[in-house]
Amino acid sequence: MSVPTIKLNDGSEVPVIAIGTGTALFGRDCANAIQLAIECGVTHLDGAQAYGNEASLGAGIKAAGKPRSDLYVVTKLKPGTKAADVKSSLVDSLNKLGLDFVDLFLIHTPSRDGTVQEIWQAMEAVHAEGLAKSIGVSNFTVDDLKAILPRAKVIPSVNQLEIHPYVWKAVEPIVKYGRENGGITCSSFGGLSPLIRAPRRTRRPVTPAQVLFKWILQKGAFVVTTSSKEARIKEYLEVSHVPDLTAEEIQAIDNAGAKQHKRFFGKQIFGDS
Ligand SMILES: NC(=O)c1ccc[n+]([C@@H]2O[C@H](COP(=O)([O-])OP(=O)(O)OC[C@H]3O[C@@H](n4cnc5c(N)ncnc54)[C@H](OP(=O)(O)O)[C@@H]3O)[C@@H](O)[C@H]2O)c1
């Protein structure tokens, strides 16, 4: 299955879905996960020096046996790396990955000690050498972008940010600023957070079904449901351990539902056709 691409401001094309080696895989051997992803049709792989697993990312790429030209491989500069060490750190990453270049090299987080401009110059240098086909940033605010853009010879291609509905209001100005100042494309991490993290006020993740059941229960109704699967039945029963949705979460679900009237059962109840 081929994944659509998006064109960056330097003309390169990026597959719009990436599999990352951080969060769940942070600090862990990701070779099997990466091999599986590539075998499923993933071509865009998002690594980072800080994840401590670039060698296994490289092993997964090798095991999958896909031509290099079919893959889009990203790594990120470890937070705290000095400008003078940018190139050696990337060369080290390339050795671990078993690659001659990465498709995209990002500053993982902005340094706010006055050195971000010189770090960006070092990023431009590895780009000029062809060690990174595209360069960009991550977790940069508008102010962080303003710290590098006026003297940048290469405009960052990408700003990788947490993007999902719960942060959209806060993140939209950064997305807009980047778009309007050199055509910086944003990539998102944490996109599933509303599903898997936001309601998670316990050690266990909360499933969409549990959120819907909580919503029903907090409306004062009880739940009549069905399942032929043991795992689902247990998931339903676990709803009693899920903390209450907040008033804002309930309102957000109400608002989303109010956008359309869509019933699935008997029409006599609501008097619609
Ligand atoms: N630049 C940065 O600072 C930064 C920060 C964070 C992350 N990242 C990058 O973004 C990548 C993805 O990060 P993310 O974890 O934040 O992505 P995400 O899309 O928010 O979440 C992916 C996780 O959701 C789980 N999941 C999917 N559907 C689910 C469901 N219905 N119920 C329960 N769990 C479900 C998956 O678990 P299963 O494995 O069980 O399917 C997976 O672990 C990282 O690997 C990293 O490369 C970058």
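Visitor: Where does Ile 17 lie?
Guide: Ile 17 lies in the loop between β2 (13–15) and β3. Strands are DSSP runs of E of at least two residues and helices are runs of H or I of at least four, numbered from the N terminus. This is a predicted model, in which local features need pLDDT of at least 70, side-chain atom pairs count only at pLDDT 80 or more, and totals for chains, interfaces and linings use all residues. Residues are numbered from 1 along each chain as its sequence is written, and side-chain values use heavy atoms, with hydrogens and water left out.

Visitor: Which residue has a positive phi of about 35°?
Guide: That is Thr 23, although it is not a glycine. Most residues other than glycine have a negative phi. Thr 23 lies in the loop between β3 (18–20) and α1 (31–40).

Visitor: Is Thr 23 buried or exposed?
Guide: Thr 23 is exposed, with a relative accessible area of 68%. Buried means under 20% relative accessible area, exposed over 50%, and partly exposed in between, using a 1.4 Å probe and protein chains only.

Visitor: And what is the phi of Asn 139?
Guide: Asn 139, also not a glycine, has a positive phi near 60°. Asn 139 is found in the loop between β7 (132–138) and α5 (142–148), and is partly exposed at a relative accessible area of 26%.

Visitor: A new topic: what lies over the face of Phe 101?
Guide: Arg 68 does, at 4.2 Å from the ring centre, and so does Lys 133, at 4.6 Å. The rule requires NZ of Lys or CZ of Arg within 6 Å of the ring centre and within 35 degrees of the ring normal.
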